[in-house]
Amino acid sequence: CISCILPSLASSTRLIRRRLSGFHAPASPTAMATRASVRPGMMPRADLPPRIFSDVPGTWAHDTMSRRVRDEILSRIYEENPSLPPSCIRQLDELKAELQQPGVSKLRHIRESDGGPDKDVWRELLGEWVDKGATWLSAPWLITEFYFYRRVLEAVDWYQTQIDPFEQQKKAGLADSMPSIEALAQKSLDESDPDQSMGLHLHVFASLWGNKMDLSLWPSSADSQQNHARHVDQAMSEGSAMLLADDFAVMWDSIRGQLPLARVDMVADNAGFELVSDMCLADCLVRCGIAKKVVFQLKEQPVFVSDAMPKDAEQTIDYMASLTDADKYPSCVKIAQRLRSYVDENKWQFNCDGFWNQPYAFWEMPPGLRQTLANESSMMIVKGDCNYRRLLGDRYWPLSTPFSDVVTYSPTRMLALRALKAELGCGMAADKTQKAAESDPKWMVNGRWGVVQFYDPFVSG
């Protein structure tokens with residue numbers, strides 16, 4: 001998310017040393033004593049490790065729930081929503097007071113007056129922890145972090161007002177990213193019948209790394225054959241340099257004989273530049289004949305500040321298409337017209353489902369959604385750190401646990417693109433994580449390192 005701030009160097013280093021020494025989690029009595037109950041259905045092949053809690057000082061989870069959500073996220077809601085009525089301000093003040101003493105303040109259920117259709121879901125999610133008198137720090141991190149955003153929606157009366165408390169940040173993030181978006185749009189428009197694999201690989205990297213990708217290294221249609229090859233090599237080398245797992249070739253081998261895929265589902269993460277890079281990836285999928293249709297799975301409600309909703313996707317295309325300074329951003333205007341045509345022709349679809357807003361592990365996916373993906377989707381592309389946490393159930397897997405042993409529950413092929421921003425992971429070779437830890441003490445949380453991981457249930461067993 002936009003709001004990610006790093007934990008202290010010393011605490012991060014201590015945690016990493018414990019991991020690399022064979023320990024899977026900090027010594028949290030809550031984590032060690034609790035096992036999550038899970039819904040019936042397919043599960044990871046590997047045994048479930050402990051869940052992540054927020055009660056260990058010095059961890060990213062503790063910093064998030066004891067400081068960040070209050071000082072860096074809630075405070076901006078006040079600043080950026082000055083017209084909120086007094087009743088909303090009072091509820092935000094109540095939430096702020098709880099977060100000032102997160103180790104003491106007990107969780108409560110969403111109020112009946114909230115009006116949200118997900119109240120019963122949240123009653124189920126919180127039931128065990130409310131009954132135990134759990135606090136913001138002693139309940140599972142994934143639950144409390146999502147719960148924070150659900151409490152914000154309760155406070156601003158989302159289901160009555162439809163006020164997105166993060167609207168200003170999303171719009172500002174998109175506007176500030178326009179120079180980078182113009183560069184990406186120009187590269188996408190410049191591709192003249194590219195090799196399917198090469199074009200897809202470049203856009204996967206752009207979608208993963210966002211505006212950290214050096215687009216000047218991308219090949220151009222004006223390149224000579226020699227320069228084109230050199231630019232491809234440079235772009236691939238740059239995109240791969242910080243990868244701790246790279247299954248792109250495995251993914252391509254799995255799908256190349258079945259093109260075009262009937263449907264690819266993009267489980268999106270952030271709005272702004274990242275959403276545009278996802279759209280350029282989806283453009284490549286359709287334009288290059290890799291997929292007939294792309295369905296964006298987006299958030300139903302505002303969450304995690306910058307997470308994209310259907311309205312954000314629509315507004316992004318409209319904003320780019322209506323830029324008044326078209327001379328400054330000609331490629332944005334032009335590609336927006338192409339992206340809009342995909343929506344109009346039903347080659348793209350913007351979906352949302354309440355499940356994407358809830359802190360369930362992905363193996364707890366509702367049967368209806370799971371069945372739809374199993375029957376209609378040829379592949380899911382899962383974006384971002386929070387979605388990845390849910391793939392892993394927000395648990396302390398040994399970092400070398402094969403990705404395929406964790407996501408065996410997937411209803412279809414899965415490609416996960418993640419820049420690391422939380423202290424968990426899997427499918428990463430010990431020698432690579434060791435080198436990352438030695439060269440970068442904050443490697444698990446600063447977003448500089450990433451993974452491209454793939455699972456095919458049709459061949460992996």
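P260 sits in the loop that runs between α12 (248-255) and β2 (264-267); helices (H or I, at least four residues) and strands (E, at least two) are DSSP runs, numbered from the N terminus. The peptide bond that joins L259 and P260 is cis, with an omega of about -5°. The model is predicted: local features need pLDDT of at least 70, side-chain atom pairs count only at pLDDT 80 or more, and totals for chains, interfaces and linings use all residues. Residues are numbered from 1 along each chain as its sequence is written, and side-chain values use heavy atoms, with hydrogens and water left out.

Two further loops hold a non-glycine residue with a positive phi. D157, in the loop between α6 (141-155) and α7 (158-161), has a phi of about 60°. D157 is partly exposed at a relative accessible area of 27%, where buried means under 20%, exposed over 50% and partly exposed in between (1.4 Å probe, protein chains only). N346, in the loop between α15 (330-344) and β4 (348-352), has a phi of about 65°. Its relative accessibility is 45%, so N346 also counts as partly exposed.

Helix α14 comprises the 12 residues 310-321. At 1.5 Å a residue, α14 should span 16 Å, and its end C-alpha atoms are 17 Å apart, which agrees; the expected span is 1.5 Å times one less than the number of residues. Buried in α14 are D312, A313, T316, I317 and M320. Seen down the axis, these buried residues fall within an arc of 135°, so they line one face of the helix; the arc is that of the directions from the helix axis to the C-beta atoms. The buried residues of α14 pack against α8 (167-176), α9 (178-190), α13 (273-287), β3 (294-298), α15 and β4, contact meaning heavy atoms within 4.5 Å.
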